[in-house]
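Subject: Handover of a structure

Dear colleague,

Please find below the structure that I am passing on to you.

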Amino acid sequence: MKLLPTLLCLLLALPAAAQLYQPGEVLSYRVSYKAKMFPNTEVATVQISTATEELDGETYYRVEGYGRTLPTYRWFFPIDDRYIVWADTLTLRTRFFESDVHEGEYTFTSRYRYDWPAMRVHTRWQKRKNPENRKTMALTPGSMDPVSLYFNMRTLNPADFREGESRVLEMLLQDTVRYLKYRFMGREEKKIRTMGRFRTLKFMCQIGTSDGYSFTDGSEFTLWISDDQNKIPLYIESPIRVGSIQAYITAYKGLKYPLASKIK
């Protein structure tokens, strides 16, 4: 996964009767790159929006994550990525997922159709102009796409965590299941550029390798979410081979609850 798709998955990745789908909610982020001899530079934007939509006579929550490089860098490496989830408004389970990724000359599309009664998911994906691939995989109650994982994270009750405690979530990617391990690091005040200071819940997270539960060389990152009922991602930082990348919130609207974590 390259820079922007990775951050999209992280932002969108973090049996939920309280699962928080709020139509009208829009969260906006900037993505920046920083290295030892390179100043902190904004390179891309990400937006996550939630709405309701009718499909085949049924009402769904429609969640869309959209990321693209800023115009200054688009000539160098144009990225235009979109991820969409349709979730059942009653069961709150994902019914459909799709991604449409464009990075320079590289393109990738995927489609998932969840069959929860049969505990199966039918996946289709295609790279560039190669033939389309198809696969059916078994589901578990914890199986989710990256977007659904993010909404699941928002249902967590901090009172149920002890500092240093780790948990593992399942994430469906293309034709396999990847595992996301996260460890609660406690509460921390965090300053967000242009937004002020927030009370946050801090997590250390790691995406496992394709070998299943092996986290020895998986992607590791730090996530700060708002310490209030919304539990929105405020800041993400991930080291890369040279330097680090960050994503931080720049605007929000339509939240279900007051953003009580913001320090006046």
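**Findings**

Glu42 is partly exposed, with a relative accessible area of 26% (buried is under 20%, exposed over 50% and partly exposed in between, with a 1.4 Å probe and protein chains only). The model is a predicted one, in which local features need pLDDT of at least 70 and side-chain atom pairs pLDDT 80 or more, whereas totals for chains, interfaces and linings use all residues. Residues are numbered from 1 along each chain as its sequence is written, and side-chain values rest on heavy atoms, without hydrogens or water.

The partner of Glu42 is Arg30: the two form a salt bridge, with their closest N and O atoms 2.8 Å apart (a salt bridge is a side-chain nitrogen of Lys or Arg within 4 Å of a carboxyl oxygen of Asp or Glu). Because Arg30 belongs to strand E1 (residues 26-35) and Glu42 to strand E2 (residues 38-55), the pair ties together parts that are 12 residues apart in sequence (strands, E, of at least two residues and helices, H or I, of at least four are DSSP runs numbered from the N terminus). Arg30, at 27% relative accessibility, is also partly exposed. In general, side chains of opposite charge can pair when their charged atoms come close.

A second salt bridge joins Arg111 to Glu98, where the closest N and O atoms are 3.6 Å apart. Arg111 is found in strand E6 (residues 106-115) and Glu98 in strand E5 (residues 94-103), so this pair ties together parts that are 13 residues apart in sequence. Both ends may be described in the terms used above: Arg111 is partly exposed at 31% relative accessibility, and Glu98 is partly exposed with a relative accessible area of 25%.

Arg187 and Asp227 form a further salt bridge, with a distance of 2.7 Å between the closest N and O atoms. Here Arg187 lies in strand E11 (residues 176-192), while Asp227 sits in the loop between strand E13 (219-226) and strand E14 (233-239), so the pair ties together parts that are 40 residues apart in sequence. Arg187 counts as exposed, with 55% relative accessibility, whereas Asp227 counts as partly exposed at 21%.

There is also a network of salt bridges, which links Glu53, Arg62, Glu64 and Arg82. In total, the structure holds 13 salt bridges.

Lys202 is located in strand E12 (residues 196-207). Although Lys202 and Thr222 are 20 residues apart in sequence, their C-alpha atoms are 7.3 Å apart in space. Leaving aside residues up to four places away in sequence, Lys202 touches Arg183, Phe184, Met185, Gly186, Glu188, Thr222, Leu223 and Trp224 (contact means heavy atoms within 4.5 Å).

Finally, some values for the protein chain as a whole. Its secondary structure comes to three helices and 15 strands. Of its 264 residues, 49% count as buried. The accessible surface of the chain comes to about 13100 Å² (from the Shrake-Rupley method with a 1.4 Å probe; for residues, only the protein chains shown count as cover). Carbon and sulfur atoms account for 50% of that surface.

Yours sincerely
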